[in-house]
Amino acid sequence: MGASLVSILGSIELGTLAVIAAIAGASVLTAWAISRASRWQPAGPLALLVAAALVPTVPIGFHVSTDDIPPLIGLGMLVYSRPWPGVPGGRLWRVGLGAVILAVVARVLASVANATGFADGLFMLAEGVGRPLFLLAAVAYVATTEPPALTTVWVVRFLALLGSFQAVVGLLAFALPLPLDVAVQPVRHLESLGGCPGRITGTLGLSPNHLGAIFVLTIPLSLSLGAAARGWQRWGWSAAAGFQAAALILTFTRSSLVLAAVACIVLLVYKWRTLIVGGAALAVAAMAVAAVTTFACAPSADGPGEPFESGAPSPDASAPAGPSIVDRFGDQSDRLALWYSGARMMLDYPVAGVGPGRMLEVMRSDPARYVHTPYGVSTSSAHNTILLAGAESGVLGALGLAVLNGVIALAAIRWVFFGSAPYAAAAAVAILAFLAQGMVNNLFSVPATSILLSLLVGAFVGAERSDRAI
């Protein structure tokens, strides 16, 4: 056991350690500066939790990547200042806690049952157990940060600033002649984007779908900030929401586009004061898209992009050929194939699943069963929060995630109608839209998206502590 652990630690190169030290040092200094400037100690740690979606995702080892470092330090600072946060009260949140415990137990079972050795078991536990416990701790500590009203305001501002930053970076990278892969994912093989060079990814280094999920959270919050502000700040937040909407359009992520639009419409109807802000944001978005695409896109171009290695299992030569061009504007979704593959794997391994992070590996090992489906070729993981949990950790894991999604959704609905905290309605519609996108994308398993959801949920759980228990 000791030798295995030494070999794992020894595999981390000196250059990697230097990068870790640099990110950690910058995180500590940034948190200190923000806390000092705001005269509120938790502000810095909360900013580091948001910073998970700023740092490019580069794997380090042991299922940890560069974007894990700032939130780990931020949570550590909160833990140091308050060793035991307590547990938010209310029947609904006790059910949610039970769902998390059920999911963690299922993942422990899956890790033990599917591990091929000590090191492999540690990797699975780090991914399948460590991450859910981290997210639970983040919710608990943010929810008990004092004073709750200040916590919600800072969290909303930090998230809106995050979305604004990612939007500006993405739009500039899309419009300017920068090397591809800098905040833009090049056009994939057999993919059509109407002549545009790629899809905005921001600084994440992940799929545009994940950046789209971030905008689903941040656009309603930015609109709400604009409605509550006056003078130049109102128009500043309106413009910020507009730039985020423009960047979201150029991610070409259909689920995010639809859900963000629905969330904003609900917010505009519920909070009439956002109508003016929403109109200004829409105008900015239209102008930004028109300007950027004029420079970057060639509408007459309709050829496929260059080959792109996705790492997903590939169909064999005997499989039916797919469409020659995957048109982001009009092609049929492949989600039915992905969902079928995930559901079938869960039913094939109902007790312990295939192990955290092993769905693609199992798909490659049996393409006839999991890649070629009655609904087409499944080339990626389940793209559904619940089905992915079921495939990796069995039926109990899927049940835990389903109940947890339900608990968060019920709480968000409560905040829409009864939330007394500022921006509660905006946070609620953003959370509901995010959960809906989780049914077509894997968002809980991605640090940059799951941490932001935990931060927002924790802030408004804390805001309702003075209200009656659910």
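Mentor: Searching the whole structure turns up 1 disulfide, a term used here for a pair of cysteine sulfur atoms within 2.5 Å. This is a predicted model, in which local features need pLDDT of at least 70 and side-chain atom pairs count only at pLDDT 80 or more, while totals for chains, interfaces and linings use all residues. Residues are numbered from 1 along each chain as its sequence is written, and side-chain values use heavy atoms, with hydrogens and water left out.

Trainee: Which residues form the disulfide, and how far apart are their sulfur atoms?

Mentor: C196 and C297 form it, with their sulfur atoms 2.0 Å apart. The link is right-handed, with 105° about the S-S bond.

Trainee: And where in the chain do the two sit?

Mentor: The pair links distant parts of the chain, 101 residues apart: C196 lies in the loop between β4 (191-192) and β5 (198-200), and C297 in the loop between α11 (274-296) and β6 (326-327). Helices (H or I, at least four residues) and strands (E, at least two) are DSSP runs, numbered from the N terminus.

Trainee: Is C196 buried or exposed?

Mentor: C196 is buried, because its relative accessible area is 9%, where buried means under 20%, exposed over 50% and partly exposed in between (1.4 Å probe, protein chains only). C297 is buried as well, at 13%.

Trainee: Switching to V100, what does it touch?

Mentor: Leaving aside residues up to four places away in sequence, V100 touches L136 and L404, contact meaning heavy atoms within 4.5 Å.
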